[in-house]
Number of protein chains: 2
Amino acid sequence: MIKVDVSGTYGFCNNASAVRQAADAALHTLLSGTGAGAAFTGWVRYPENYAESELARIKIAADKIQSESEVFVVLGIGGSYLGAKAAVDMLRSPEYNLLSKNTPDIYFSGNDASGAQLARIIRLVDARDFSVCVISKSGSTAETASAFRVFSKLLTKRYGKQADSRIYTITDAETGYLRAASILHGWESFIIPRDIGGRYSVLTPVGLLPMAVAGIDIEKVLAGARTEMESLLSDNGGDASVYAAMRQALYQSGKKIEILSGFEPALRYTAEWWKQLFAESEGKDKKGIFPASANMTADLHSIGQLIQDGERNLFETMLLFREQSNLVIPGDSPLVDGIDWLGGKRYAEFCNAVIAGTKKAHIAGGVPVIDIDAGTINEETYGALTYFFLLSCGISGYLSGVNPFNQPGVEEYKRNMKAILA
Amino acid sequence: MIKVDVSGTYGFCNNASAVRQAADAALHTLLSGTGAGAAFTGWVRYPENYAESELARIKIAADKIQSESEVFVVLGIGGSYLGAKAAVDMLRSPEYNLLSKNTPDIYFSGNDASGAQLARIIRLVDARDFSVCVISKSGSTAETASAFRVFSKLLTKRYGKQADSRIYTITDAETGYLRAASILHGWESFIIPRDIGGRYSVLTPVGLLPMAVAGIDIEKVLAGARTEMESLLSDNGGDASVYAAMRQALYQSGKKIEILSGFEPALRYTAEWWKQLFAESEGKDKKGIFPASANMTADLHSIGQLIQDGERNLFETMLLFREQSNLVIPGDSPLVDGIDWLGGKRYAEFCNAVIAGTKKAHIAGGVPVIDIDAGTINEETYGALTYFFLLSCGISGYLSGVNPFNQPGVEEYKRNMKAILA
């Protein structure tokens, strides 16, 4: 269970109970399918609605990829890679590709317009056996499709007619270029449900195939999401509603920026995923909380100064996991370093003291703090946390009066770009 | 030369020329050493004031580390690692540790309170030969000193009495635990000049030693910084003043958030370094622009929606380098993917079109855009860009009426943490 503590916001806004009540109506709008963008709320029940047969196919594909490839190249942008990258970082390691392991390296590509970056990835793939996965609803997303042209050529050069057996696609069930091409070339292919948008799709094959290739137990991920779903939906939104309402109450009180603070480097991409989820869902109609992230404790020595003493237009959400390491800071060190007060302590104690000390300092400095306690890092909590944020985002978006399921602003730069190149 | 173009801000504020004039006074305050924190402005002339003998010692140490170590562990937090990490990413590769190369892997550690992360790094060092560098003015920074206790023990276990020859320190010339310990144990040691604070220190041994170990030509880095320094200081601050003044003018006009957009994944840590520089320098006295970063084009599919259509309380600074790759998007691809308009184009054209298209879209959406054109990525431009931002930050801080060279808020969490653990 994901637990939210809003006691660190007391005194910072006086509209919290009113917004909390409005959250009930927002949840009802979401669940009854009567709100804007209701055609894209398939994610709400997906953790119990997915097809077992699709899951079985994902596992078979992952086994095949693991057995015949040293490198798995995942092409996709935005919601087509952030969730899987977050899972690999959190559940395997942020240094996953550096590990000695019996699963393939995974490179996420096709998410920029940099030929230099693509060339760097190609050099890393180099003489090793590789497979490619393309994730795109349409297949014509410029960054992803252009990278696919490059890797498709490489595959053909390396494997000839066998290249097709190393291409995997995740796309719309029926329409779009990538579906048509998958049928034409006989590529193994999975479905992005039409009623689930990119940033809500990590619990579908979009996230599950890369996770499975990385050796993550995707059944446990889904089980965690399902348990969280049942708990939240049977409790009127539970703590997801509490979080959604509090962030909107703070926004209405002039807190324009939300900083998600993680105290563990493995959470960096969880924050990146969270930023996309909330920014793309809520940043429209000239409103929206600005989502930023802090990777602690590194960033206590960066934006920490501004959080403590800067303009009071922000609030902080602390994403907390229980430190699992038993590593001890040596107490018998011959070093004279002025940290004898820390020697002999476990890192878990150190980390908890940093978190508590930071929270107290920030609140005293005028920053409302929300705690999200996610327990111990594992597959189930990853699934639970993911579902928790998805539901919070749906509620929060309706609370703020926008359609949380479209992204009209993302089209603007594409139109200009096409016009320039035409 | 770093070139700034503020034409994308026209019409968004009417105080620009007044603030531009005030920037002259701010620069004078900085250069005359009459402002708050003047004791920490040694970085202004450092690119011509550094000692050649120190540079020679850095190169000798780097050669020794390269010859006897497969891994170089750099312990430091905040300004003690961000600049070097930015340089390695930009000038070698963001996947530097994955490359086949004749220079050591570099792990930046001692910048968090995570035992899990430390354990992951230790596993990566494992059976390989390694050296350790500790960067800290005092030596008693909790995150860094605790990690040093752990690695010092590992070194002794592995190398016995030879361990001391694999320890390098960068610290204050005279005072502090780390200087005392360096003398006691005979560690090779370099100086952080007393008149240069952590976040302004990347062009000193703090950044130069890790860069040299990574195979970066540090004389070229310093030459680039020196050329930029001479150019800016002989031109009344030049474009550094233009940038500093424009960001403050926009801030005064209600633009509370600055997003630094880079269109190349190798710039991710340049943005992290920039965030620390500006947030810690300006985020105080209940004011300060909130510095955020966007890694394009990935983040066009993340916070891009909010930049385009969200609350109009932000401006964007585009950090532009000329794309160097000659990679072409295959035009003869057998794939039917709807991007024939892009086939046959070089990535450089694609990237430029994305930048131009994005800029046009964001300005049309109500976002002022500043361009910083840094030319081609190389050692000289890294040095030039670094100096450009340092000088901009000093001017900008004085313009906003704060002391840009202290960080009183960073102490708060430490005090609480110590009290909790005591």
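Modeller: Contact here means heavy atoms within 4.5 Å. This is a predicted model, where local features need pLDDT of at least 70 and side-chain atom pairs count only at pLDDT 80 or more. Residues are numbered from 1 along each chain as its sequence is written.

Biologist: Thanks! Which residues of helix 14 of chain A does helix 1 of chain A meet?

Modeller: Leu391(A), Gly394(A), Ile395(A), Tyr398(A) and Leu399(A) are the ones in helix 14. From helix 1, the partners include Val19(A), Ala22(A) and Leu30(A). Helices are DSSP runs (H or I, at least four residues), numbered from the N terminus.

Biologist: And how many residues of that contact are nonpolar, polar or charged?

Modeller: Ten are nonpolar, two polar and none charged. Ala, Val, Leu, Ile, Met, Phe, Trp, Tyr, Cys and Pro count as nonpolar, Asp, Glu, Lys and Arg as charged, and the others, Gly among them, as polar.

Biologist: Switching topic: how many residues of chain B are in contact with chain A?

Modeller: On chain B it is 123 residues, against 123 residues of chain A.

Biologist: What about salt bridges between chain B and chain A?

Modeller: The count is twelve, taking a salt bridge as a side-chain nitrogen of Lys or Arg within 4 Å of a carboxyl oxygen of Asp or Glu. One pairs Glu264(B) with Arg120(A), at 2.6 Å, N to O.

Biologist: Which helix gives the most to the side of chain B that touches chain A?

Modeller: Helix 13 of chain B (residues 347-364), with eleven residues. By class, that side of chain B has 59 nonpolar, 34 polar and 30 charged residues.

Conventions. Chains are lettered from A and ligands numbered from 1 in the order in which they are written. Side-chain values use heavy atoms; hydrogens and water are left out. Helices (H or I, at least four residues) and strands (E, at least two) are DSSP runs, numbered from the N terminus.
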